[in-house]
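Welcome! Here is a short tour of some side-chain interactions, written for a first look.

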Amino acid sequence: MGTTATTTTRFPFSLPPPKSYPPHNHHHSKVSILTPTITPTLRLQAMGAGDKLGEFGARDPFPAEIESGFAEKVLGNGNTEHKILIPTVSALSLSQQECTPISPLQDPMSKDDAQKLLKKVLGWRLLDEEGGLKLQCLWKLRDFKCGVELVNRIYKATESCGHFPNVHLEQPNQVRAELWTASLGGLSLNDFIVAAKIDEIKTSDLVPKKRVWA
């Protein structure tokens with residue numbers, strides 16, 4: 001008894017439809033040729049420097065970038081050197097800095113420089129006296145007990161600085177603090193650092209509450 005065989009052949013290109021031949025008497029064979037389906041491929045091409053990039057923001061490297069060897073410096077490279085940069089002193093706020101020793105040959109801070117730094121400390125004013133420039137701050141408190149508490153907080157905030165303000169507890173409810181560098185006969189950066197640390201002291205529980213009118 002005869003059998004029917006089906007052969008499938010795939011070609012990488014399209015062929016014309018197969019011709020039909022009359023069947024032989026002894027066998028019945030059927031050949032099917034499948035035309036492959038070609039899926040269109042979308043290619044994103046980098047444009048010139050002045051043109052808009054494709055939707056994915058991809059582009060080919062410029063010649064100058066290839067010459068610089070930038071591909072060897074990317075994160076995926078095993079030899080990449082990673083550095084964590086520590087902020088410089090100038091980038092830190094005054095309250096985060098530490099006082100430094102004062103040289104006897106150092107000049108006191110100029111009035112112009114002092115006025116620039118004065119903007120970085122709150123509530124302090126500049127005194128220009130015969131003995132040199134000073135910083136001064138006044139606090140009006142609820143009572144004498146609150147004044148004592150503020151003096152204690154000022155001491156705790158500045159005890160690690162090695163540079164202390166002159167603090168006066170004045171009757172009945174006022175505290176006055178003054179800062180200057182005696183060895184220079186004027187101001188130094190240390191005075192502003194200490195002033196900034198004092199500014200961070202919590203005083204909301206010590207000052208008089210605002211009156212609320214009905």
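The notes below cover aromatic rings, a lysine and salt bridges.

Please keep in mind that this is a predicted model. The count of aromatic pairs comes to one, and a search of the whole structure finds six salt bridges.

**The aromatic pair**
- Trp124 and Trp139 form an edge-to-face pair, because their ring planes stand at 90 degrees, with the centres 6.2 Å apart.
- This pair links distant parts of the chain, 15 residues apart: Trp124 sits in the loop between helix 2 (111–118) and strand 3 (125–129), while Trp139 belongs to strand 4 (residues 132–140).
- Both Trp124 and Trp139 are buried.

**Lys134 and its surroundings**
- Lys134 is part of strand 4 and counts as buried, at 15% relative accessibility.
- The face of Trp180 has Lys134 lying over it, at 3.9 Å from the ring centre.
- A polar contact (3.4 Å) joins the side chains of Lys134 and Glu129.
- Leaving aside neighbours within four places in sequence, the contacts of Lys134 include Leu126, Glu178 and Leu187.

**Salt bridges**
- Arg153 and Glu149 form a salt bridge, with their closest N and O atoms 2.8 Å apart.
- These two residues, Arg153 and Glu149, are four residues apart in helix 3 (residues 144–158), so about one helical turn separates them.
- Glu149 counts as partly exposed, at 32% relative accessibility.
- A network of salt bridges links Glu149, Arg153 and Asp205.
- Arg176 meets Glu170 in a salt bridge (2.7 Å, N to O), and Arg176 also forms a salt bridge with Glu178, at 3.0 Å between the closest N and O atoms.
- Glu178 is buried, with a relative accessible area of 9%.

Notes:
Residues are numbered from 1 along each chain as its sequence is written. This is a predicted model: local features need pLDDT of at least 70, side-chain atom pairs count only at pLDDT 80 or more; totals for chains, interfaces and linings use all residues. Side-chain values use heavy atoms; hydrogens and water are left out. Rings of Phe, Tyr and Trp (its six-membered ring) pair if their centres lie within 6.5 Å; planes under 30 degrees apart count as stacked, over 60 as edge-to-face and the rest as tilted. Buried means under 20% relative accessible area, exposed over 50%, partly exposed in between (1.4 Å probe, protein chains only). A charge sits over a ring if NZ of Lys or CZ of Arg is within 6 Å of the ring centre and within 35 degrees of the ring normal. A polar contact is a pair of N or O atoms within 3.5 Å; within protein, one must be able to donate a hydrogen and the other to accept it, and residues adjacent in sequence count only if both atoms are side-chain atoms. Contact means heavy atoms within 4.5 Å. A salt bridge is a side-chain nitrogen of Lys or Arg within 4 Å of a carboxyl oxygen of Asp or Glu.
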